[in-house]
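Student: I would like to learn how to read a model like this one. Could you walk me through it, feature by feature?

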Amino acid sequence: MICKQDRKLAIYHILIAYLAFLIGTFLGLLQVFIRNDGLELPKWLDYYQVLTAHGVLLALVFTTYFIFAFFITGMSKTLGDFGPKARLVLWLGFLVTTIGTVIATFMIIIGEASVLYTFYAPLQANGWYYVGLALFIVGTWLSGFALVGHYVSWKKSNRKQLSPLFAFMTISTIILWKIACLGVVATVLFQFIPWAFGWVDTINVELSRSLFWYFGHPLVYFWLLPAYMAWYLVIPKLVGVEVFSDSLARLAFILFILFSIPVGFHHQLVDPGISSFWKFLQTSLTFMVIIPSLMTAFSLFGTFERSGRRKGGRGLFGWFFKLPWKDVRFTSIFIAMFFFIPGGAGGIINASFQLNELIHNTLWVVGHFHITVGTPVTMTFMGITFWLIPYLTGRKLTKTIQKLAFIQIITWSIGMVLMSTAQHILGLLGAPRRTAYSAYNNHPTAMEWFNGLISNHITMAIGGTILFFSAMLLIFIVIYSLFLLPKADSLGDRVEFPIAMSDNKDTPKFLENWWLWIGISFALIAIAYTIPLMDLIQHAPPGSKGFKMW
Ligand code: HAS
């Protein structure tokens, strides 16, 4: 059990994460009905306002707070309690992130920032929205520094030893996050804030989009890597085997540091102002960032197979039936992984230069991110929640809560299959994204989109409603686990932090040479970005004034 002060820190992060989840999923429900032509918002509430709040609260706030709760608990567990200094910086980070969240959310609520979570210029929000976002990032940096500081002091007293895998993965994710944030910090501080407060008249739109996507793509791996940590470390523990390969796991995380950043142009393949050569280079690098995910899939199958065979599974798929299906901590994560097969395949389609022409700015992309961040990542976080809260509060995980947890993950899966399949199909037919319901003045072709078996109004509404029901069930489980589950009175009752220890005696030491990987990462970023960014600055068009379209 980790110390009380560290548990308190983690619990506060979880509280904010689930408060954001509660509001964000409710707004999601509204959106399904608006996009379905089933709901008209009152005059004082705008569709884009709802969409911005939904994206910011779920994609940025829920994920980030949950990730830090997981990191804080795991780092305290594997490296020992945080010292007073590190703990103070973590609280400071929490405070600054929360102030940023409150400012940004307030701006959205009062209708001053309906610019979506990507805040593309020339849409212009109130300057305080960007200040809120900047504070949010600064807060996460502070928390990140505290985690790194804790790791460094562990290293000092354990010289020549490789760190435990959990700590290694946490530090990799923090490094990725800090390098990634440089892009968004640059655009927010030097472009958006001066422009939104009226200190300058115009903004270089394409530069701002490029700096955003320099950050935006690694952002998705900032969400994914903590989920992968559970896949690499929690799954082996639950199926009763050792970590498949310590060095493979470390190498996968390093490949993410190297290749997740110099690829942002694959979000801008239809943007003008960037030559095809640089787009092609970055799409090629995108295919490199697929490799660590394939390595992860490989080691997961290895883990399942090893466990199944040991339990007597025979034949090609015998292992499958030996997995601990009745354990909701396992099943939730397994379903999450399963969703990532089509989710990842969709990503590969998106990254294919020509195919991107077909899907860009259509509902397909919305379908894609609901079966990446919305399920593999989110459902892994749900699976972690089921044991993390009782672990932190010292309570028992009762049979009733486990049953409810099963209902919750199954309903989430059904809702997501219905909604995201419809979104993928509608996107292929041509339905646009980032818009409210649009049937092009009820044009017959657009109306036909909704005649499909799954891509019809009813299925989508059912999918969205089931998802909302599932989200509310999760909120109930969270509240119940925090306050109402019976206290564990003996050691046997206590919920453990299920993390497998890996054997790292054969792992090459250079894998933990951070300066080497950070150096290579910056070299790749310089190759992929220097010339196109200079070009965008030197040959900049006149720049744009701000637009408020809502
Ligand atoms: Fe993506 C757009 C390309 C992964 C999130 N993506 C987005 C957006 C979001 C997002 C939010 O190239 C929209 C941004 C916006 O607002 O505009 N994406 C990729 C690629 C990958 C990828 C190549 N995306 C993710 C992940 C996300 C995420 C992860 C969130 C967490 N994405 C794109 C592109 C666009 C894009 C373009 C721009 C589209 C446009 O034009 O606007 C890759 O990382 C995917 C690699 C993954 C795999 C899958 C490995 C499978 C595993 C599971 C194993 C399963 C097991 C269970 C073991 C290759 C590890 C087995 C069980 C059995 C029973 C069999």
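Student: How far does a backbone N or O atom of alanine 351 lie from an oxygen atom of the ligand?

Tutor: When reading a ligand site, look at which part of a residue faces the ligand, backbone or side chain. In this predicted model, a backbone N or O atom of Ala351 is 3.1 Å from a ligand oxygen. With Tyr221, a polar side-chain atom is 2.6 Å from an oxygen atom of the ligand. Asn356 likewise uses a polar side-chain atom, at 2.8 Å from a ligand oxygen.

Student: Which residues around the ligand are the closest, and how many surround it?

Tutor: The shell holds 37 residues, and the closest are Tyr221, Ala351, Asn356, His360 and His368. Sorted by class, there are 23 nonpolar, twelve polar and two charged residues in that shell.

Student: Which helix gives the most to the shell around the ligand?

Tutor: That is α9, with nine residues. At least two shell residues come from each of α6, α8 (276–310), α9 (328–351), α11 and α12 (373–393).

Student: Which residues does tryptophan 231 touch?

Tutor: Leaving out residues up to four places away in sequence, Trp231 touches Pro236, Thr296, Leu300, Ile333, Ala336, Met337, Phe340, Pro376 and Thr380.

Student: Let me try a single residue. Is serine 455 buried or exposed?

Tutor: Start with the accessibility, then look at the partners. Ser455 counts as buried because its relative accessibility is 2%, under the 20% cut-off. Its place is the loop between α14 (444–448) and α15 (457–484). A polar atom of the Ser455 side chain is 3.2 Å from the backbone oxygen of Trp449. Beyond its neighbours within four places in sequence, Ser455 contacts Ala422, Ile425, Leu426, Trp449 and Phe450.

Student: Why does proline 390 count as buried?

Tutor: Proline 390 has a relative accessible area of 1%, so it is buried. This residue lies in helix α12. Pro390 and Leu482 are 92 residues apart along the chain, yet their C-alpha atoms are separated by 7.0 Å. With neighbours within four places set aside, Pro390 is in contact with Thr385, Arg395, Leu397, Ser481, Leu485 and Val495.

Student: One last case. Which backbone oxygen does the side chain of glutamine 191 reach?

Tutor: The Gln191 side chain reaches the backbone oxygen of Asn204, at 3.2 Å. Gln191 belongs to helix α5 (residues 165–196) and is buried, with a relative accessible area of 10%. Not counting residues up to four places away in sequence, Gln191 touches Ala186, Ile203, Asn204, Leu207, Ser208 and Leu211.

Methods:
Residues are numbered from 1 along each chain as its sequence is written. This is a predicted model: local features need pLDDT of at least 70, side-chain atom pairs count only at pLDDT 80 or more; totals for chains, interfaces and linings use all residues. Side-chain values use heavy atoms; hydrogens and water are left out. Contact means heavy atoms within 4.5 Å. A residue is near a molecule or strand if one of its heavy atoms lies within 4 Å of it. A polar contact is a pair of N or O atoms within 3.5 Å; within protein, one must be able to donate a hydrogen and the other to accept it, and residues adjacent in sequence count only if both atoms are side-chain atoms. Helices (H or I, at least four residues) and strands (E, at least two) are DSSP runs, numbered from the N terminus. Ala, Val, Leu, Ile, Met, Phe, Trp, Tyr, Cys and Pro count as nonpolar, Asp, Glu, Lys and Arg as charged, and the others, Gly among them, as polar. Buried means under 20% relative accessible area, exposed over 50%, partly exposed in between (1.4 Å probe, protein chains only).
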